[in-house]
Structures are given as C-alpha cells and as structure tokens.
Amino acid sequence: MAKDVQQLDRVIIRFAGDSGDGMQLTGDRFTTETASFGNDLSTLPDFPAEIRAPAGTLPGVSAFQLHFADHDIMTPGDRPDVLVAMNPAALKANLRDLPRGADIIVNTDEFTKRNLAKVGYETNPLEDDSLHAYNVHSIGLTSMTVEALKGIAITKKEAERAKNMFALGLLSWLYNRPTEGTIKFLESKFARNAAIMKANITAFNAGWNFGETTEDFSVSYEVKPAALPAGNYRNMSGNLALAYGLVAASQQSGLPLFLGSYPITPASDVLHELSKHKRFGVRTFQAEDEIAAVGAALGAAYGGSLAVTSTSGPGLALKQETIGLGVSLELPLIVIDVQRAGPSTGMPTKTEQADLLQAMFGRNGEAPVPIVAPRSPADCFETALEAVRIATTYRVPVIILSDGYLANGSEPWRIPDVEDLPDLRVPFATEHNKTFEDGATAFWPYLRDPETLARPWAVPGTAGLEHRIGGIEKADGTGNISYDPANHDFMVRIRQAKVDGVAATIPPLEVDDPSGRARVLVLGWGSTYGPIGAACRIVRADGVDVAQAHLRHLNPFPSNLGEVLRGYDTVLVPEMNLGQLAMLVRAKFLVDAIGYNQVRGLPFSAEELASVIEEVAKR
Amino acid sequence: MSTHGADRPDTRAGRLGALDLVPKARDAQSAKDFKTDQEVRWCPGCGDYAILAAVQSFMPELGLARENIVFVSGIGCSSRFPYYMDTFGMHSIHGRAPAIATGLAASRPDLSVWVVTGDGDALSIGGNHLIHALRRNVNLKILLFNNRIYGLTKGQYSPTSELGKITKSTPMGSLDAPFNPVSLALGAEASFVARSIDSDRKHLTSVLRAAAEHRGTALVEIYQNCNIFNDNAFEALKDPETREDFTIRLEHGQPVRWGEQGQHAVVRAIDSSLKVVDSADVDPSEIVVHDAHAEDPSHAFDLSRLADQTLARTPIGVFRAVDRPVYDDLMRAQLEEAAQTQGAGNATDQLTGLLQGSDTWRVG
Ligand code: SF4
C-alpha cells in the first residue's frame with residue numbers, strides 16, 4: 001500500500017558519521033538530487049582536520065548539513081529536523097543541536113559496548129530512554145546492507161562500506177528525491193570495478209525499498225521546488241566558484257592565468273580545480289612554500305599573466321612582504337585568502353573572518369590594497385571577476401577574503417551567459433610615453449594614467465620599453481631610485497590615492513529596509529550575509545523593523561557608506577571576529593557601531609542573531 | 001650552437017637549445033648597448049664592477065633582443081645589478097628572486113631570465129627557493145656573487161663565512177659551519193653548476209657562456225671581493241705566488257691536474273674517494289678525468305669537496321652540465337596536450353561548457 005506523502009516547506013538534514021563513513025559524499029549526493037529537483041538549498045560540510053582521526057571517537061566525527069526549501073533560503077539552517085547518526089560518536093556530537101521532536105536515524109549495528117564506551121556513554125542511549133524527546137528510528141544499517149549485498153563478489157568489509165548508500169537510499173525515499181542522478185554517478189564513479197558499482201547501487205536501492213516497506217516510517221515527505229528566478233542552475237561551492245571566476249576572468253581579459261599556490265586547508269581546492277583546466281591555458285605552480293607561491297605569481301604578473309595566489313590566514317601572513325612588493329611595483333595580483341579559525345594553526349577546517357585587519361594593515365609601511373569579500377558560495381564567482389577588474393585596471397594587488405564556510409558550502413547558482421560577462425581587457429604599454437622639450441622620447445615606467453593613477457603595464461619582450469623597477473622607493477615618473485623626502489611623501493600618498501580612487505567605480509551600498517522605517521542597521525561583510533539576512537527575516541516577521549546592508553568592498557568602502565551609517569540610530573555589526581569591521585567603520589566615520597561577535601569556528605545561527613537584533617531594536 | 005669543452009651531448013635531435021625560443025636582436029650589439037644611464041653605486045674597488053663589465057661585454061655574443069632579457073635580483077650589494085643592465089629588470093625582495101624568476105620564466109618561454117644574488121640572499125634567507133629552483137630545473141641562469149660576508153648591512157658573517165670568522169656580529173668568531181654553494185647545488189641535483197672568479201674575465205666569460213647555453217637552471221658561483229668588509233677573501237686564488245697551487249681549472253674531458261707544472265692531480269682511492277697526489281707518483285691513466293656530463297652528480301660533488309677553508313685546491317669551471325627535463329618545457333607541453341585533447345570549439349563555447357558542468361536544472 002502506498003504511504004501518505006506529507007508536504008513540508010523546508011527541511012534541515014544532518015548526516016553524521018565517522019570520517020571513514022563517507023558522510024561528505026552522502027551529503028553531496030543528496031544535495032545534487034535536491035538541486036536537480038529544484039529546491040533552494042544551502043549546505044554546510046563540517047569535518048575534522050585529521051584525515052582519519054581514531055575510528056568511533058568524537059574528534060573523528062564528520063558531518064554534512066543540508067537545508068532545502070520550497071522558497072529561497074539563506075543559510076544551511078540552525079537546528080536539524082533530521083539527524084542521521086552512523087555511530088554513537090555522531091549521535092553524541094550532534095544531539096545538542098537538535099530541537100525536541102527531531103527525527104534521529106541511528107545505525108544500531110555500531111552501538112556496541114565498546115563504541116559506546118569510547119565516547120563515554122555508560123548505558124546505551126537507544127535503550128535508556130534518554131532520547132524520549134526525539135523520534136528515534138533504530139535501524140541496522142550495516143547488517144541490512146551486508147544482507148542486501150549477499151551474492152555480490154565483494155569482501156564483507158567492502159559490503160559494510162556501502163552502508164552510506166543504504167542510508168542515502170532511505171533518505172531519498174523519505175523525501176521523495178529523484179534517484180537517476182545518483183545511479184548515474186555511481187556507475188561512472190565505479191566504472192572500473194563492476195562488483196563495487198553493483199554493491200553501491202544495490203545498497204542504494206535497498207535503502208529506498210526499506211523505506212517503502214518498513215513500518216518505522218508511516219509517511220514520506222515532499223518539499224516542492226522553489227520559485228527561483230528563471231535560468232539554468234547548478235549547485236556551486238565557494239572554492240569552485242572562485243576557480244571558475246578566475247578562468248572566466250582570464251578569458252574575458254585575454255590574459256593567461258597563472259596560479260602560484262602552496263597546499264593549505266581550506267584553500268587547496270582552488271589549486272586542485274585550476275590545475276584541471278590546462279586547456280584554458282591555465283598554469284598552476286605548486287610552490288615550495290607560501291612565499292614562493294606569491295613570488296612566482298608576481299613574476300608571472302610582471303610577464304603579463306593574470307596572476308593569482310591562493311591561501312589561508314597563515315599563508316597570507318607569509319605572503320605579506322611580497323604583496324608589499326606588488327604594491328611598490330604596482331603590478332596586478334590576485335591574493336585569495338580562504339580564512340580559517342586562527343591564530344596560528346588555529347582550527348584549519350573551521351571558519352572565521354578574522355583576517356580583515358591582516359589584509360588591511362598586515363604589511364610594512366603604507367601599503368594599501370583593495371579588498372573584496374564574497375557573501376555566499378556562488379557569489380565567489382562574481383567576486384573573482386570584480387577582483388580581477390580592480391587589479392588589472394589599477395595595477396595593484398587585490399585581496400579576496402573568502403572563508404571556510406563559503407569554500408565548502410554550496411547553493412544553487414544561476415549560470416551566467418558568457419556573453420554577459422564583463423569585458424576585462426586592458427592594454428599593455430607598447431611605446432614611449434614621455435616626450436621631452438627637444439622632441440626626444442623615452443619610456444617612463446611610473447608615468448600615470450591621470451584618471452586611474454595606474455602606471456603602464458610594460459611587459460618584457462616589448463622593444464623600446466626596457467626599464468628597471470624594484471622595491472626601493474622610486475621617483476614618480478622615471479621610476480629611478482629616489483631617496484628624496486618630498487618624492488617619498490608624494491609616492492606614499494599617490495599609492496593610497498590610487499586605491500581610494502577605486503571607490504569611484506564601485507556601486508553604492510544598497511540597503512534592504514522593506515518598511516523604510518528601520519532605526520537599526522545591521523552591517524556585515526563576507527559569509528555572514530546568509531545568517532544576517534535570515535535573522536532579519538525572522539525579526540521582521542515578528543513585526544520589528546530592521547535594515548540590512550552588506551559590504552562586498554572592504555577597501556575602499558563604497559562612497560555612500562558614511563551617509564548610510566549616519567541614516568540610522570544604531571549600527572550593529574555582527575562578525576566572526578572580535579570586531580574588525582566595526583573598528584574600521586568607527587575609525588573612519590566616527591559612528592558608534594556596536595559589535596556582535598562570535599569566534600566558534602561556525603557560522604552564526606540565524607535564530608540567535610535574530611534575538612540579538614530584536615534586543616538592540618527594542619533598546 | 002657552440003659548445004664548451006669537448007663533446008657536449010645535450011643538443012640531441014628534437015631537444016630545444018637554451019635560447020631557441022628567445023627572439024634574436026636585429027642589429028649587432030656592443031657592451032655599450034647594455035649599459036644604463038644610472039650611476040653605479042658599489043664601493044670603489046668592489047668586485048661587482050668586474051662582474052658587471054664581464055656580463056655587459058659578454059651579452060652581445062648571445063645576440064638576443066635586449067627586450068627579451070630580464071635580470072631579477074633580491075637584496076644585497078650584488079642585487080643592485082639589474083639597475084645597471086639596459087634590459088628589463090626587477091630588484092625584488094630579500095631571497096625571493098629565484099621564486100619570482102620561476103613564475104616569469106615558466107610563463108614566458110620567449111625570455112632569457114637571469115637571477116643575480118649573493119651568498120646571504122641565495123643561501124640564507126632565500127635558501128629554500130634556491131634549492132627548489134635547482135631541483136625543478138626551470139630555465140633560469142643564477143649568478144651567485146659570493147663574497148662570504150654581508151656587505152649592504154655592513155659586515156656581518158654570512159652562510160659562506162669561514163668558521164671562527166671575526167665580524168661585527170661574531171666578535172669572538174663565527175660558530176656557523178659554512179655552506180659550500182657548489183656542493184649544495186649539486187646536492188639539489190642542479191643540472192648545471194659552475195664556479196668562477198671576479199678577477200678572471202676570460203674564465204668568467206667562458207663560464208657565463210656555458211651557462212647561457214644550458215637549457216634548465218644554471219648556477220654560477222662567482223667569488224667576488226668585498227674590499228670594504230672582507231678584503232682579499234679570495235687572494236690565494238689571485239696572487240701569482242699562490243694561485244696555480246690553489247686553483248684547479250676544471251675542463252670537461254681533461255685530467256684533473258693543476259700546479260705550475262701540473263704537479264698535483266687527483267686519483268680515486270680504493271674506497272672510491274678522491275685523493276690528491278703528486279702527479280709524478282702515479283700513472284697518468286690513473287688521474288681522474290673530469291666528466292661534466294656524468295648523470296650521477298657524485299663525481300662533481302667529490303670535486304666540490306676538494307677545497308678546504310684556506311681555499312687550497314679550489315676547483316673552478318663547470319662542475320656539471322647535464323641534460324634533464326626542464327620544468328617550463330614540461331609545463332608548456334602539458335598545456336599543449338590539454339588544448340589538443342580536451343579543447344573543442346571556440347573559447348566562448350568552451351567557457352560555457354565549463355560553467356554549465358554536467359548536473360544542471362532549468363527554472364522557468
Ligand atoms: S660593501 Fe662590499 S660588496 Fe658591497 S659594494 Fe662595497 S665592496 Fe662591494
């Protein structure tokens with residue numbers, strides 16, 4: 001008998017298990033099914049830094065959270081409606097996040113005495129009534145998988161490993177997800193091993209069938225597709241979007257892409273991705289260290305490449321001297337910092353946005369660089385294009401501040417039409433630019449464009465433009481070494497003026513204030529966009545007026561920022577740091593901005609933020 | 001292309017010559033063409049002047065378009081060098097020139113890229129970049145001016161200063177064991193390693209020529225006198241009284257013999273180490289013949305260990321010149337292969353294909 005289908009408007013699922021249980025893959029597949037079904041979605045992978053922490057322990061728990069809905073959503077969600085816990089550690093590590101009444105699907109096969117003891121359970125929580133506030137579905141995921149795979153010529157271990165596909169099949173049934181994509185995926189992933197392919201597909205189907213027949217689940221659910229703007233969509237993560245944005249920028253600028261990088265979590269995927277695209281003329285160079293990575297990129301920029309270096313906070317610290325050289329040489333360079341929790345090694349796989357001041361001020365001397373920050377995973381694409389526009393137009397290093405949450409999180413991305421991408425072509429210098437009174441001519445490497453203040457980009461191989469540049473202060477115009485006090489003062493100011501001048505080409509800051517009556521403005525930057533937006537919705541639904549504005553450009557700020565800030569009684573700045581943007585706006589605009597700060601390695605919870613905003617609004 | 005020594009083998013069919021991809025000058029050049037209008041600011045008497053003059057007068061021999069030559073330097077006295085060469089040039093930051101030049105050379109096969117560095121720049125702060133450039137075999141020529149002292153910062157000991165050396169920062173003598181740059185480079189499996197001296201223009205020029213013609217990373221250590229902070233550091237190799245006894249002039253294919261009358265020689269001892277002997281005491285066939293093209297770097301390494309702290313038995317010339325895959329050539333080949341095997345359609349279609357990916361859905 002077919003079971004009832006119940007309609008839901010949104011669901012939050014968290015898959016949790018041991019690092020070796022394949023939870024990231026399971027989450028990824030469920031996400032892809034959900035995306036192809038047309039829901040809006042947002043994901044949050046959360047995995048340990050250790051590749052394989054000891055099995056069954058709390059530090060070894062790897063989780064993947066997915067929020068999907070029939071309307072547009074902004075975050076991966078605060079509290080899961082459903083937890084899939086593959087072992088006692090996964091249950092213990094995630095239970096505190098569950099609201100009462102949540103569904104918990106547990107793999108009973110892993111709830112052995114030994115495994116329970118490993119995480120400090122004295123009695124089995126499945127038996128001692130401690131989970132009475134939840135709907136617990138106790139299922140022998142491992143044993144049922146092994147049973148279903150009998151007759152396939154694989155080892156018991158291999159059979160057990162397919163239990164994640166059994167779980168995926170069950171969840172796919174429970175939420176009426178399409179299955180063709182996953183079957184196709186498994187066929188191609190295991191194309192070289194027919195037995196393993198068969199095992200995974202069989203386990204997936206067995207999970208689905210189990211849902212249909214078991215009495216444990218009396219209904220299944222459906223979440224209707226969301227009404228997103230028309231277009232072609234795909235699911236997009238932040239690091240992938242950065243890589244694609246750079247390839248697109250290379251194409252749109254006509255400059256060959258060069259990436260110098262050193263492996264570092266959570267930025268390495270940018271290196272991995274770009275190294276796949278050699279057919280686009282992309283050169284990727286895995287350097288001996290962070291310094292060499294940015295050095296090689298700067299060398300390539302000097303040679304006329306679209307040069308990029310990608311890293312995370314500790315790597316940015318190492319690159320700063322070379323970025324300063326880029327400021328002095330006035331060459332375009334893209335520096336990607338996928339921020340993670342610091343200081344020092346900190347928590348490599350956890351997110352934070354505490355490198356803003358490092359990006360602003362982390363170099364010796366007055367060494368200003370433009371800074372841009374994406375607000376969501378898919379927004380990384382446009383942010384990359386914008387960074388390239390600024391770098392090549394103004395001949396300056398530009399820092400992109402992404403973070404671990406954006407890097408690994410994903411959301412639907414409306415695929416742009418290549419024809420609509422901006423034209424990023426910039427000319428190289430080809431001839432002498434200085435004429436003397438006697439009619440003689442010369443090439444002066446530091447003669448500036450009067451509008452942008454950019455110096456010419458004169459690449460080696462251009463006859464007649466031979467010149468020498470360096471990190472020593474140089475005379476304006478000729479570029480010759482100069483220790484002249486007035487010249488140094490002038491050069492320091494003109495480098496600053498050049499960066500300040502970028503503001504003339506960036507759009508004014510938009511404020512979202514639906515009622516037009518808000519007295520409180522919530523100002524954010526980077527990955528807090530989703531949680532702040534979701535929190536504002538909650539607050540407004542409670543009848544409280546609040547305005548939201550989100551900065552993409554952190555240096556320089558949009559020219560109307562001061563005016564926007566002065567238009568509100570209170571400015572609240574939530575940040576995953578101890579108040580870095582708040583410090584900048586207070587210093588620059590003498591605005592008494594209030595910070596709301598958390599550095600827990602996790603994105604803000606929308607509910608928590610909403611209560612903070614309401615409290616501030618009611619003061 | 002001319003060769004040094006006897007039978008240099010690395011012009012195998014299909015192999016690129018070092019400068020094959022660099023455009024040639026249209027007109028004949030002279031040393032004057034490579035001089036800039038900048039006033040040279042080394043101390044009077046500094047060995048850097050002689051090296052600059054040697055490079056400027058040797059460059060026209062290569063006949064390369066000046067605009068396709070780039071000098072990249074780090075920080076230190078020697079690193080002022082690019083300002084005095086009328087080519088493209090970058091005076092970068094301390095120790096990083098090999099990294100910067102790697103990015104440039106790897107992305108621009110049409111350039112002849114030279115790195116000018118010193119013992120502190122290359123071996124101390126930039127040691128990591130140096131060994132990795134040598135290991136990768138990027139198409140770069142590295143001129144390491146070794147004066148065994150920090151000159152620009154006014155006289156501290158450097159990583160090539162002798163143990164026990166009294167300097168401003170070591171008033172009771174240096175405690176650091178020095179690097180032998182040639183041994184270090186050979187340990188990093190550099191494909192070309194040579195040594196010369198600032199005062200011997202002819203020898204220096206011949207070594208520069210060999211380096212320029214080598215495809216891959218070439219390291220040339222140049223003993224350079226800092227007459228202000230470490231005067232006469234290499235005097236034993238210059239003084240007519242001592243130099244013949246102290247200097248071993250390596251020639252590929254020639255027996256390793258030196259001294260006024262060739263009275264010193266090296267042979268292989270039973271334990272296969274090199275042993276210095278009186279050449280009269282051995283059969284000439286026992287004398288080690290220098291093979292710069294030996295695949296195994298240990299022969300060159302053994303030679304590099306002959307010198308001691310007093311500079312006695314210092315080999316100069318080309319220790320090693322072997323043909324080995326070049327990083328930037330390999331990188332270019334991968335790009336070409338990817339373009340041929342994966343690239344279909346025009347640029348716009350390709351980018352569209354990339355952005356679309358395989359898992360898409362349509363709304364509206
Ligand atoms: S300090 Fe020494 S190395 Fe530097 S310029 Fe003077 S003599 Fe030459």
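Reply: Start with helix α7 (residues 180–189) of chain A and helix α8 (residues 194–213) of chain A, which pack at an angle of about 160° with their axes 9 Å apart. This is a predicted model, where local features need pLDDT of at least 70, side-chain atom pairs count only at pLDDT 80 or more, and totals for chains, interfaces and linings use all residues. Residues are numbered from 1 along each chain as written, chains are lettered from A and ligands numbered from 1 in the order written, and side-chain values use heavy atoms, without hydrogens and water.

Me: What makes the contact of α7(A) with α8(A)?

Reply: Contact means heavy atoms within 4.5 Å. From α7(A) come T182(A), I183(A), L186(A) and E187(A). From α8(A) come M197(A), N200(A), I201(A), F204(A) and N205(A).

Me: Why is α6(A) called mostly covered?

Reply: Buried means under 20% relative accessible area (1.4 Å probe, protein chains only). Twelve of the twelve residues of α6(A) are buried. Among them are F166(A), L170(A) and W173(A).

Me: How do you know that the reach of helix α9 (residues 327–342) of chain B is close to the expected one?

Reply: The expected span is 1.5 Å times one less than the number of residues. Helix α9(B) has 16 residues, with 22 Å expected. From first C-alpha to last, α9(B) reaches 22 Å.

Conventions: Axes fitted to C-alpha atoms, helices over the stretch in contact; angles between N-to-C directions. Helix = DSSP H or I, 4+ residues; strand = E, 2+ residues; numbered from the N terminus. Buried < 20%, exposed > 50% of the residue type's maximum accessible area, 1.4 Å probe, protein only.
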